[in-house]
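Hello,

Here is the structure I promised to pass on. My notes follow below it.

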Amino acid sequence: MIATKSYAAFNATTPLAPYNFERRDVGEHDVHVEILYSGVCHSDLHQARDEWGGSMYPMVPGHEIVGKVVSVGSKVTKFKAGDIAGVGVLVDSCRTCKHCQKDLENYCVEGMTGTYNSYERDGKTLTQGGYSTDIVVNERYVLKVSPTLDLKAVAPLLCAGITTYSPLVYAGVKAGMKVGIVGLGGLGHMGVKFAASFGAEVTVLSTSPNKEVDAKRLGATKFLLTTDKDAMAAHANYFDVILDAISAKHDFTQYLDLLDLDGKLLVVGLPSEQPKVSPFSLITNRRSIIGSMIGGMKETQEMLDYCAEKNIVSDIELIDMQNINEAYERMLKGDVKYRFVIDIASLRK
Ligand code: NAP
Ligand code: ZN
Ligand code: ZN
């Protein structure tokens with residue numbers, strides 16, 4: 001077994017605190033990754049605080065992991081010691097269902113195995129995530145990461161990156177299209193970078209007036225304050241695609257009304273409260289709402305390779321593990337530019 005240091009949530013209300021546990025020994029097909037950086041996703045906070053229900057404790061959050069391979073099992077072919085590797089939101093799936101066979105392990109019919117707050121395929125062992133020094137994962141669920149990129153800024157690509165890349169690709173975003181990104185947080189800022197890199201005209205729709213300068217620096221050409229009723233009304237029927245990356249309770253209708261004929265509202269944000277949707281806003285302009293959950297392993301690798309080619313990484317603020325609880329409070333206030341990443345060296349001290 002591999003002795004592992006981490007920070008864990010022990011229940012929904014107390015702060016995350018140090019937790020020592022053991023990872024499994026490296027099996028024939030496993031890769032042992034010494035974690036260097038771990039991104040902080042709003043889903044970590046939702047689950048640590050049991051906002052979606054069904055949280056299991058102790059819980060070591062973290063599913064934006066970049067690290068160095070220290071050892072591999074005897075049958076591993078993709079990795080060797082010394083390689084830089086990534087682990088995202090899933091660490092296993094059934095591997096045989098119709099979706100797994102189509103490289104859509106994220107939609108595994110039997111349910112994917114989440115990197116944390118989930119059970120291994122044995123149905124008994126809790127998985128534990130990236131706020132930790134080490135992780136052992138089957139090589140099928142480990143990604144290759146270009147060592148030429150700034151690794152701490154690569155970590156958020158493993159969730160925020162793929163979660164925004166996948167629906168934008170699915171919606172066929174390309175030059176000439178008008179794309180709105182709602183919620184300029186960890187996901188939203190990656191959505192801006194990807195949509196702009198695909199050649200679309202990008203507008204950030206935000207509740208925070210102080211994010212306008214950053215929105216434009218990240219690749220947006222326009223900025224809409226969602227509390228400005230006149231500006232919103234002036235953009236009715238304007239967009240081809242809107243990506244909704246809001247973490248808190250909100251109403252879909254005000255964004256649907258901004259979509260042109262056949263416009264798509266791509267929903268990735270996961271507040272626990274049910275949103276309101278007016279059927280009139282759907283039938284007008286034949287609009288649709290499409291949900292999307294991260295991406296499969298093949299597409300995640302494709303996204304990482306695309307980022308390496310285009311030099312796309314996340315805008316981050318590096319923190320020590322010991323500051324995670326303060327980071328959660330700042331994330332709730334929208335006070336992060338635009339992703340916290342934990343320097344796991346701080347956990348080894
Ligand atoms: P984040 O960094 O905290 O960003 C969320 C943004 O939402 C904020 O920066 C803010 O943007 C906006 N917002 C917050 N409260 C709002 C409110 N009351 N009304 C309107 N806008 C509000 O969070 P994140 O890590 O990007 O995650 C966003 C959501 O996506 C979370 O719910 C997360 O669980 C979910 N998620 C889903 C998937 C998936 O596979 N579908 C994957 C990862 C995460 P402005 O300041 O610009 O308004
Ligand atoms: Zn995430
Ligand atoms: Zn499956």
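**The zinc sites**

The donor residues of the zinc ion (ligand 3) are spaced C-x2-C-x2-C-x7-C in sequence. Please keep in mind that this is a predicted model. The four protein donors of this ion are C94 (SG), C97 (SG), C100 (SG) and C108 (SG). They lie 2.3 to 2.4 Å from the zinc ion (ligand 3). The angles subtended by the four donor atoms run from 104 to 120°, so the arrangement is tetrahedral. Two of the donors sit in loops. C97 is in the loop between strand 6 (90-92) and helix 2 (98-101), and C108 is in the loop between helix 2 and strand 7 (113-114), so the pair ties together parts that are eleven residues apart in sequence.

The other zinc ion (ligand 2) has C41 (SG), H63 (NE2) and C159 (SG) as its coordinating atoms, at 2.0 to 2.3 Å. Along the chain, the spacing of these donors is C-x21-H-x95-C. Here the link spans distant parts of the chain: C41 and C159 are 118 residues apart. C41 belongs to the loop between strand 3 (30-40) and helix 1. C159 belongs to the loop between helix 3 (151-154) and helix 4 (160-170).

**Ligand 1**

Where does ligand 1 lie relative to domain 1 and domain 2? Domain 1 (2-159 + 295-348) and domain 2 (161-291) both give residues to the shell around ligand 1, so the ligand lies between them.

There are 28 residues around ligand 1. S206, T207, S208, K211 and R339 come nearest. By class, the shell splits into 13 nonpolar, 13 polar and two charged residues.

- S206: a polar side-chain atom is 2.6 Å from an oxygen atom of ligand 1.
- H46: a polar side-chain atom is 2.8 Å from an oxygen atom of ligand 1.
- G186: a polar backbone atom is 2.9 Å from an oxygen atom of ligand 1.

How much of ligand 1 does the protein bury? Taken alone, ligand 1 exposes 920 Å², and the protein buries 89% of that. Two elements give two or more residues to the shell around ligand 1: helix 1 (42-48) and helix 5 (186-197). Helix 1 has the largest share, with three residues.

**Backbone points to check**

Which peptide bonds are cis? One joins Y57 and P58, with omega about -5°. P58 is placed in the loop between helix 1 and strand 4 (65-72). Another runs from K337 to Y338, with omega near -15°. Y338 is in the loop between helix 11 (324-332) and strand 17 (339-343).

One phi value also deserves a look. D262 is not a glycine, yet its phi is positive, about 60°. D262 is part of strand 14 (residues 259-267).

Best regards

Key. Residues are numbered from 1 along each chain as its sequence is written. Chains are lettered from A and ligands numbered from 1 in the order in which they are written. This is a predicted model: local features need pLDDT of at least 70, side-chain atom pairs count only at pLDDT 80 or more; totals for chains, interfaces and linings use all residues. Side-chain values use heavy atoms; hydrogens and water are left out. A residue is near a molecule or strand if one of its heavy atoms lies within 4 Å of it. A polar contact is a pair of N or O atoms within 3.5 Å; within protein, one must be able to donate a hydrogen and the other to accept it, and residues adjacent in sequence count only if both atoms are side-chain atoms. Accessible areas come from the Shrake-Rupley method with a 1.4 Å probe; for residues, only the protein chains shown count as cover. Helices (H or I, at least four residues) and strands (E, at least two) are DSSP runs, numbered from the N terminus. Ala, Val, Leu, Ile, Met, Phe, Trp, Tyr, Cys and Pro count as nonpolar, Asp, Glu, Lys and Arg as charged, and the others, Gly among them, as polar. Domain bounds come from an automatic or database domain assignment. Donors are N, O and S atoms within 2.8 Å of the metal (3.2 Å for Na, K and Ca); water is not among the atoms, so sites may look incomplete. Four donors count as tetrahedral if all angles lie between 85 and 135 degrees; four count as square planar and six as octahedral if opposite donors are over 155 degrees apart and all others between 65 and 115; anything else is irregular.
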